[in-house]
Amino acid sequence: MKKRIDRVYELVKEMTAHLQIDELNSQSGVTTLDVSEKLAIQRSNASKDLNTLVKEGVLDKSDGRPVRYLCKSIRRHTPLSKYVPSYLETTPLSNQTVGLPEERDVLNIDTFKRIIGFHGSMKNPVEQAKASILYPPKGLNCLIVGPTGSGKTYFAHTMFQFAKQHQVVEASKEMVIFNCADYANNPELLMSHLFGHVKGAFTGASEEKEGLLSLADNGFLFLDEVHRLPPEGQEMIFYFMDTGLFAKLGETTKNRKAAVRIICATTEDPSSALLNTFVRRIPITIQLPNFNDRPEKEKIDLVRVMMSLEAKRINRKIILTEDVVKALIGSVTYGNVGQLKSNVQLVTARAFLNHMEQAELIITIDELNDSIKEGLMKLGRNREKLVSLSHYLSPQMVISPNDSTDPFTTDPYELPYNLYDIIGDKAALLKEEGFNQESINHFISTDINVHLKSFYCNHGFTFDTDSKLLEIMDQTMVDTTRKIYEFSRKELAYDFQTNFLYAIGLHISAFLIRTKRGKTNMNQDHESIAKMVKHYPRELEVAQGIKKIIEANHTIEIPESEVHYLTVLLVSLRENKASGQIGIVVACHGISTASSMVQVVSKLLDVQHLRSVDMPLEMTPQVAKEKIIKEVRAVDEGSGVLLLVDMGSLGTFSEDIEVQTGVKVRTVDMVTTATVLEAARKGSLLETNLENLYQSLTNFHGYTAIDEQVDVTLVQNQPKKAIVAICASGQGTAQRMKELLDDFIQDSLKIEITVFPISILEASEKIKKISEKYEIIATTGIAKPDLEVPFIPMESLFSTEGQATIKKIVERQVVMTYPVLTMEKAQRACKEYIQASYTFINPDKILPPLWQFGEKVIQLFELKEEPSFYINLCMHLAGSIERTLRQDSLTITREQQKEFDEMRGYERLLPALTALNEIIKVEFTQGELFYTYELIKNTILNQSDTQ
């Protein structure tokens, strides 16, 4: 039997075969409705297949409404097809691409120029990528590192197109893609996919199979999420990189050959997530920037390009107000370019739904949902970014459907269907069924949200726990939840699961919003709860501690009834009650709306008492009711079932369901993902009954207070904060300190603090200038300046306690204590620093001679033997050696050279330097020697001051 897509292609070909090029007009071609009716398939499926054929270059698509489709052959040019699909097997394509003039021009341009930031933030990654592809004789393997959604897969595809342009690989080749995460929990299957297997290699291996390495021979293999490869998999891959040889699973000798260029990608730190032996075999590491680190103009360009794709899909002009562009940019919190694309699609889809009959879409701030509106508020807290964005923006951004778009786009975050066709079809059908516009908009808006979230989650767009929490609640609440989690785990010694974070966080968020609105839990039986908690004294004591944390973080008084409720929550999470819970059934119109909501909530809260009923538009009410009844019976555990529905009309089912099942049912309409979360969370608690749960949901207003107003001016007028990092030269170690501090401040503290690396020679002058514009809250490095702020010795900063030290300072707990530093700890700190910071030097080999040099310096200058001195000196010299090997040594001015020549005491250092040079075979420049002696001189002065 032929595939549906083959039948769609043949129908279009048959219906348009008679057309000649001089006969073409706006009415030529086949519509989605034509295909749907003639093949008796759903319009959404017809639309999906037609758009797939357009993407593959087999069909053309008109610009008018309704959209019409034609075979490419009618327009007399061969498509830039990525492969010959099954429906063209009888018509082989020539190896030489023939096309319109503009298509031939596209093939001659540098494909990297399509990347936003080609001359900006992406310049270095692009140059590295080109080097890895063109490096003789066969190019170099490379590793792309970047956070979720930063465009690693898109970048890899661009590299592959560049390789094709320069005939590094044949034009007919396709890049082979493998996501290591898909089989991370099944190493045997993973190895089989990569290397292939022989018959009988494992249970179920009934015949021999080729692996991806064989398929990628003379081409490229892209290993996404490579950190999910088990160690044995990494070892097999790096053996293949070394030798070009591999064995199939089940073979004992590695005698198979393949010539494969490997591109890896990871979101993790390679030094900690991958074997060192694996990383060493990848000579080029390409670091992609975070979205928030990109220049403001690039962010605007990204919005423009993404919007132009949407404008082309709906064939309408899109006009965005300045505030909408800013909100979209500010809404990117954790997902980088991928999250921006998701938000752009969501905004456009909602606007299309609201203005379906209009010739152009004008999107204003009022049309955005609350989470994207919040992006504008976030930008308002950063005056510098706001001003910079405003410099490049006009009051309106106008996007035409004819704006040029990327002809080579291969995007993993591209929807496999035309979302706008689905919106149009659903709206028309719902209107025919008699639904009013408000109900139509609510239903389809929910469906759009769920479709997009489900798609992005299923395509590798995963986030850490904090990122998921931030989708639901604000950062302050996430921080509070983290403190409560650590406190409860320590006090109760329970191994709470991740769902503890969601359960506690969601409960407290909802409580704070109820309190702010002046509402309490009117239907809770506080007397019975108070009696119950007496049986759990340990949990009650911890709940009292949680009360103090909430009161301190949110300046609110927590009543005793809430302490009792927190106690019940702790007991419920500990006991993880599996029976007698209230069942929950979510029933929504749409292909996957209900099931997607249930999937998200089940994963977040790790609960089992949820069921879903998806109701496609063509499903009759009777069939829908039968499906709901079936799920009610399946989920009932004797405590009743809560029915969550997307439209009030479904609430009429309650009585019939109770009669037919004998199960008590209550119904809540206008369901959202937040409502399902709250219902699932409360439904699993020990004391909750169906009536209480129903009443609490009728007063539920989400987890984020939407009526809070932020005084942007007040935030902007606060002085900016800074930390100063001091080393001998202001480069090398100081830059490394800055990177460490930047990473920690950005990832853990969520506070904007600027870190300034400076040289000890110019410390006084630069600190004075920094103080004019910033409030310096701490200093770190090799010397303590004359400032009344905490000073963190460099050895403490690089220690395991360093992050806790910084956090205490930022939180204004300025009475610092530092761990006792031994020589053993100092050596370990130096080794870890060198290993993490440098490429060309081996810490195991370089550290002993540097340590010996330190011992000689102490003898020559009669210094006290302090571990901190060894750390400062060894870290500085390691940087000197690395810079010398890279031919990038520090330089000094003529005045500094003159000062160096006249320095007293330097000649005492020469014997030790000579001995060091003989061991490491590295000749230091005058600039490097100058700063080394400055470090020693500073130590001499510091020790004399403390005597």
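Reader: What should I know about the numbering and the model first?
Author: This is a predicted model, where local features need pLDDT of at least 70, side-chain atom pairs count only at pLDDT 80 or more, and totals for chains, interfaces and linings use all residues. Residues are numbered from 1 along each chain as its sequence is written, and side-chain values use heavy atoms, with hydrogens and water left out.

Reader: Start with the sheet. What is the strand order?
Author: The order is E4-E7-E10-E3-E11, an open sheet of 5 strands with parallel pairing. Helices (H or I, at least four residues) and strands (E, at least two) are DSSP runs, numbered from the N terminus. Two strands pair if DSSP finds at least two bridges between them.

Reader: Which strands stand at the edges?
Author: Strand E4 (176-179) and strand E11 (284-287) do. Each has a single partner strand, so one side of each is left without a neighbour in the sheet.

Reader: How many bridges between E4 and E7?
Author: E4 and strand E7 (residues 219-224) pair over 4 bridges, in the parallel sense. In E7, Phe 222 is the bridge partner of Ile 177.

Reader: Which helix packs on the sheet?
Author: Helix H5 (residues 123-134) does, touching strand E3 (142-145), strand E10 (260-266) and E11. Contact means heavy atoms within 4.5 Å. The direction of H5 makes about 150 degrees with that of E11. Axes are lines fitted to C-alpha atoms, for helices over the stretch in contact, and angles run from 0 to 180 degrees between N-to-C directions.

Reader: Where is Pro 137?
Author: Pro 137 is in the loop between H5 and E3. A cis peptide bond joins Pro 136 and Pro 137, with omega about -5 degrees.

Reader: New topic. How many aromatic pairs?
Author: A search of the whole structure finds 13. Rings of Phe, Tyr and Trp (its six-membered ring) pair if their centres lie within 6.5 Å; planes under 30 degrees apart count as stacked, over 60 as edge-to-face and the rest as tilted.

Reader: Give me one.
Author: Phe 195 and Phe 246 form a tilted pair, 6.3 Å centre to centre, with 35 degrees between the planes. Phe 195 is in helix H7 (residues 187-195) and Phe 246 in strand E8 (residues 245-246), 51 residues apart.

Reader: Are Phe 195 and Phe 246 buried or exposed? What about the rest of H7?
Author: Phe 195 and Phe 246 are both buried. The cut-offs are under 20% relative accessible area for buried and over 50% for exposed, with partly exposed in between (1.4 Å probe, protein chains only). The buried residues of H7 are Leu 190, Met 191, Ser 192, Leu 194 and Phe 195. Just after H7, Gly 196 takes a positive phi of about 85 degrees.

Reader: Which residues are in the ring cluster?
Author: Ring pairs link Phe 861, Phe 900, Tyr 906, Phe 930, Tyr 931 and Tyr 933.

Reader: How do H36 and H39 cross?
Author: The axes of H36 and helix H39 (residues 910-920) come within 10 Å and cross at roughly 170 degrees. That makes H36 roughly antiparallel to H39. Angles under 35 degrees count as roughly parallel, over 145 as roughly antiparallel, 65 to 115 as roughly perpendicular and the rest as oblique. The contact residues include Leu 850 and Phe 853 of H36, and Leu 916 and Ile 919 of H39.

Reader: Last one. What does Val 663 touch?
Author: Val 663 touches Val 632, Asp 636, Gly 640, Val 641 and Glu 658, not counting residues up to four places away in sequence. Val 663 is buried, with a relative accessible area of 8%. Val 663 and Gly 640 are 23 residues apart in sequence and 5.8 Å apart in space, C-alpha to C-alpha.
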